[in-house]
Each structure stands twice: as structure tokens, then as C-alpha cells.
Amino acid sequence: MTQDEMKRDAAWAALEFVSEDSIVGVGTGSTVNHFIDALATIKHTLRGAVSSSEQSTAKLKQLGIEVLDLNEISELSVYIDGADEINDQKQMIKGGGAALTREKIVAAVAKTFVCIVDSTKQVNVLGKFPLPIEVIPMASSYVSRELQKLGATPVLRQGVVTDNGNLIIDAHDLQIADALALEQQLNNIVGVVTNGLFARRPADIVLVGSSNGTSILK
Ligand code: 5RP
């Protein structure tokens with residue numbers, strides 16, 4: 001089974017967590033693209049979706065799923081998204097697709113976060129995948145210097161501007177022993193908009209696609 005087939009399996013399994021007449025929070029990435037394909041098969045039972053990126057918005061609209069403004073709704077029952085790494089506490093590194101800020105916002109509003117991954121994303125310790133950090137453009141050099149003080153090797157992601165008009169620094173070589181503490185510490189650097197650690201708001205349910213099928217971690 002290829003990695004993409006495992007992603008697809010996990011993504012389709014997430015349909016089970018979408019209730020009738022609900023608004024669904026939709027993440028970003030190749031795994032989520034499979035989920036949007038699955039969602040389109042039940043679109044007539046939905047009130048709509050809230051999207052975490054221009055990329056997902058375009059695909060949702062193309063498949064005839066209404067996209068609602070998060071400010072127009074007061075609650076969101078479920079958010080479905082992928083991850084770049086996930087540990088056994090369901091804490092994640094996200095932002096490989098540069099959509100981390102909107103992903104974190106939609107995840108914060110959602111009652112339940114269902115993470116869809118293939119088994120290669122499971123890790124014991126977060127940090128092998130470089131940690132994406134969205135920064136205000138004029139602060140990128142300052143934030144890079146602050147990251148170096150924390151032991152990271154910062155690399156500005158070339159040619160990428162986020163949906164919010166900002167830049168992404170990928171922080172390599174971080175030792176993430178305490179994801180919750182590091183998430184807070186990075187948020188305190190002036191010029192950082194969001195960092196890709198999802199520890200304060202981890203996933204609630206993880207669907208892991210593997211060559212043996214998709215398993216559910218609750
Ligand atoms: C985008 C993300 C994605 O969820 C993450 O990068 C995983 O992507 P994929 O499903 O393509 O492996 O955080 O910002």
C-alpha cells in the first residue's frame with residue numbers, strides 16, 4: 001500500500017465523525033484533499049464547511065460544498081485535518097502546507113478535532129519534521145535570531161507567502177521534550193503569528209491509515 005493510499009483510507013474513515021445537518025471544519029493538505037472528495041459524496045446532508053485555507057476553499061467550492069465564514073457561526077462540532085507529526089499524546093506538528101494559523105483557529109473553535117494521518121506520521125518525540133512558524137515579514141530576521149538562541153536552525157521557506165500575507169520559517173533541530181511549554185514560549189516571540197505545535201489544543205481522535213487498515217485512537 002502506498003502512503004497516499006493510507007492517507008486516503010484514513011480520510012474516508014473520517015466521514016463517520018460527520019453528523020447530518022452539521023457544519024464541518026476542514027483542514028488543509030493532501031490527506032484532507034481525500035477527505036474533501038469523501039465529503040462531497042454526502043454534501044446534500046450538510047449545512048456547509050468552514051475552511052482553513054484558500055486551497056481547501058477552492059476544492060470545497062469546486063465540489064459544490066458551501067463554505068461559511070467562521071465569524072458567522074457560534075459553534076463547530078468537528079474539525080478534520082492532517083498532521084506532519086503526531087505523538088501518543090495526540091500533540092502534533094502542523095504547517096507543512098503553510099496553513100497553520102487558520103488551522104489553529106478553526107481547531108480552537110471545534111468541539112472535536114479528528115486528525116487523519118498515515119502511519120509514517122506517528123512519532124515518539126516531535127521535532128524531526130522542521131517546526132513551521134508563521135511570522136510577520138518585517139520580523140523574520142529577528143525571529144530567526146531568537147530561534148537560534150533556543151537551539152534551532154531557522155530556514156526561511158523560499159517563495160511561500162501564507163494566506164494571511166506572512167512568511168514561514170521552518171525551525172530545524174529543535175528538541176521538543178515539552179511541546180506545551182515550547183508552544184507557549186514561541187508564541188511569546190514578538191513577530192510570531194503562530195507556531196505549528198498543536199499541544200495546547202491536541203487532537204481528540206486520531207485515524208491512522210496503515211497497510212493493515214485504518215485504526216482509531218481515542
Ligand atoms: C498544512 C498541514 C497539513 O495537515 C500537514 O502538512 C499534512 O499534510 P499532508 O496531509 O499533505 O501530509 O498542517 O498546513
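**Ligand shell and helix packing**

By class, three nonpolar, eight polar and six charged residues form the shell around the ligand (Ala, Val, Leu, Ile, Met, Phe, Trp, Tyr, Cys and Pro count as nonpolar, Asp, Glu, Lys and Arg as charged, and the others, Gly among them, as polar). The model is predicted: local features need pLDDT of at least 70, side-chain atom pairs count only at pLDDT 80 or more, and totals for chains, interfaces and linings use all residues. Residues are numbered from 1 along each chain as its sequence is written, and side-chain values use heavy atoms, with hydrogens and water left out.

The ligand is surrounded by 17 residues, each with a heavy atom within 4 Å of the ligand. The closest are Ser30, Thr31, Asp84, Gly95 and Lys121. Polar contacts (pairs of N or O atoms within 3.5 Å) also reach ligand oxygen atoms: a polar side-chain atom of Asp84 lies 2.6 Å from one, and a polar side-chain atom of Lys94 lies 2.9 Å from one. Taken alone, the ligand exposes 380 Å², of which the protein buries 92% (Shrake-Rupley method, 1.4 Å probe).

Among the helices (DSSP runs of H or I, at least four residues), α2 (residues 30-40) and α3 (residues 54-62) have axes that come within 10 Å and cross at roughly 25°; axes are lines fitted to C-alpha atoms over the stretch in contact, and angles run from 0 to 180 degrees between N-to-C directions. Helix α1 (residues 3-13) packs against α2 at about 45°, with the axes 8 Å apart, so α1 and α2 are oblique to each other.

Terms used. A polar contact is a pair of N or O atoms within 3.5 Å; within protein, one must be able to donate a hydrogen and the other to accept it, and residues adjacent in sequence count only if both atoms are side-chain atoms. Helices (H or I, at least four residues) and strands (E, at least two) are DSSP runs, numbered from the N terminus. Angles under 35 degrees count as roughly parallel, over 145 as roughly antiparallel, 65 to 115 as roughly perpendicular and the rest as oblique.
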